[in-house]
Amino acid sequence: MKNLKYLFLLLWTASLFSLSGCRTNPVTGKKELNFMSEQKEIALGKESDPAIVASYGLYQDEKMQKFIDEKGQEMARISHRPHLNYEFKILDSPVVNAFAVPGGYVYFTRGIMAHFNNEAEFAGVLGHEIGHITARHSAKQYSKQMLGQVGLIAGVVLSPGVRSNFQQIQQGMGLLFLKFGRDAESQSDMLGVEYSTEVGYDSEYMAGFFKTLSRMREGTESESIPTFMSTHPDPGDRFNNVKQLTEKEQAKYPAKQFAVERDDYLRMIDGLVYGEDPKGGYVENNRFYHPVMKFQFAIPNGWRTANSPTQFQMAEPNGKAMMALTLAQGATLEEAAQNFISQNKLTLVSSENGNVNGYQAIALVADQTNAQDASQSIRILNYIINYDGMLLQIYGVAQASTFAGFRNSFKATMQSFDKLTDLSKINVKPKRIRIKPVNRAGTLTSVLQGFGINTSAGKREHAILNGMELTDRLTSGTLIKIIE
Ligand SMILES: [Zn+2]
């Protein structure tokens, strides 16, 4: 199965390799091999952007989107490649990350926006990401990356046929976890310092943000989801490097005052959604709930899950089988079944009309045979369900040879699909960050207790989120983030 996955990635990335030549690096001025042309970079960015936005959704907050765009455009203008058409977006993802795509596309997650404590930290990371574009790291690393990363669920069964449904999502997910080498990271840190200093921010705060990130990683939150730290390999003593670079860079502007803008930043993120947003569906005790579309179903024990605006995926722990819930395409069950077969180039094995908890459904079994290698053939069970006029499908995929062993797990999930009426599951609200002034001076611990945060895990989470230590003393009136 693994080979197949790599084959598809190879095919997909082959086009990236074809246009390499010797070109000048805009940052170093040196001739370098293996750049793709600027045209190709721009085309790649343009092509990836809709997939990324579809995978994660944009975070719905006009003032924050305006903020990242304004700051981004300002910094892009003073960068080494000011002529590119840059786009800066905040994605609706709780993952703490930021990444850049060739051609001028920069994405920050709402998760990373929640963890900045001032504009200077944000500006440092912004400069770092713009640096990946101007130094053309993405162009060099992109292809390698696509070979190494296949989305959130590592080892998910992928085949050329079901790819049509997955390709976009996989591209998007792979990009969120884009990984550069240490040299590229060092250079981007340097450019982050340079660019943010030039637009007037104190880049030393960028070093402080690395501390926040490493504290998160040490955490017990068991980050199964990669974050900025894991996708940005530590280029050595990053913290001290940035401090030294800052000193050097700031010395170039002896008369300049460098901005931090803590309060402005915090006021801007007041109300920011924190952690998973349940409105797009959530998992609780091995059940998936969709509070907006109002349905639910059971998830096999121990399976890993990943949710996105376009699909909910479940993967068997060893990656030998997967299931996904998506919207079916068609006006009727029959049409949706035909579309599923034809779009994925499948051979129908059996099809059965029935119902799932009172909802009309078609259960079909189909094969995708691999003529070259029979062991790579896959079998799919798909339940297409007419849920009050909305056609949904839950399908399970496994190698044809192991399919029988997963059939019951697939069926159990599909047949558990049902209406959601439990108001306690429907009326779930996301956590939000609220910005509050400290009423009475004291240590962060005592201040947090004043806001009703008494558990040690809660205190620790707030300390990291605020970029503070629990023993730090706060004066009255200081703004802090409280999770509500
Ligand atoms: Zn980086």
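## Overview

Strands are DSSP runs of E of at least two residues, helices are DSSP runs of H or I of at least four, and both are numbered from the N terminus. The model described here is predicted. Its protein chain holds 17 helices and 21 strands. The chain has 484 residues, of which 41% count as buried. Among contacts with a separation of 6 or more, 68% join residues 24 or more positions apart.

## Confidence

The protein chain has a mean pLDDT of 83, and 82% of its residues reach 70 or more. Over residues 1–21 pLDDT stays under 50, and the model has 29 contacts beyond four places in sequence for them. Where pLDDT is low, the predicted coordinates should not be read in detail.

In soluble globular proteins, nonpolar side chains tend to be buried together. In this model the largest nonpolar core has 55 residues, and Tyr107 and Met113 have the most contacts inside it. Helix H5, residues 119–134, gives the most to this core, with seven residues. A second, separate core contains 41 residues, including Phe288, Ala328, Ala361 and Leu364.

Which residues does methionine 113 touch, not counting those up to four places away in sequence? They are Met64, Ile90, Phe108, Ile269 and Leu272.

## Helix packing around H5

Two packed helices are described by the angle between their axes and the distance between the axes. H5 packs against helix H8 (residues 182–198) at an angle of about 125°, and the two axes are 7 Å apart. H5 is therefore oblique to H8. The crossing of H5 past H8 is right-handed. On the H5 side, the contact includes Ala123, Gly124, Gly127 and Gly131. On the H8 side, Ala184, Ser188, Leu191 and Gly192 are among the residues involved.

H5 also packs with helix H3 (residues 62–77), here at an angle of about 55° and with the axes 10 Å apart. This angle makes H3 oblique to H5. H3 passes H5 in a right-handed crossing. Lys71, Gly72, Met75 and Ala76 of H3 meet Ala123, Leu126, Gly127 and Ile130 of H5.

## A buried lysine

Is lysine 481 buried or exposed? Lysine 481 counts as buried because it has 22 C-beta neighbours inside 10 Å, and the cut-off for that label is 20 or more. Lysine 481 lies in strand E21, residues 479–483.

Leaving aside neighbours within four places in sequence, lysine 481 is in contact with Leu266, Ile433, Ile435, Leu465 and Asn466. Lysine 481 and arginine 267 are 214 residues apart in sequence, but their C-alpha atoms are 9.8 Å apart in space.

Glutamate 261 is not a glycine, yet its phi is positive, at about 55°. Glutamate 261 lies in the loop between helix H11 (238–250) and helix H12 (262–269). With 18 other C-beta atoms within 10 Å, glutamate 261 is partly exposed.

Asparagine 285 is also a residue other than glycine with a positive phi, near 45°. The loop that holds asparagine 285 runs between strand E7 (282–284) and strand E8 (287–290). Asparagine 285 has 7 other C-beta atoms within 10 Å, so it is exposed; the limit for that label is 12 or fewer.

Notes
Residues are numbered from 1 along each chain as its sequence is written. This is a predicted model: local features need pLDDT of at least 70, side-chain atom pairs count only at pLDDT 80 or more; totals for chains, interfaces and linings use all residues. Two residues are in contact if their C-beta atoms, placed from the backbone, lie within 7 Å. A nonpolar core is a set of buried Ala, Val, Leu, Ile, Met, Phe, Trp, Tyr and Cys residues joined through C-beta atoms within 7 Å. pLDDT is the predictor's confidence in each residue, from 0 to 100. Axes are lines fitted to C-alpha atoms, for helices over the stretch in contact, and angles run from 0 to 180 degrees between N-to-C directions. Angles under 35 degrees count as roughly parallel, over 145 as roughly antiparallel, 65 to 115 as roughly perpendicular and the rest as oblique. A crossing is left-handed if the near helix is turned anticlockwise from the far one by less than a right angle, and right-handed if clockwise.
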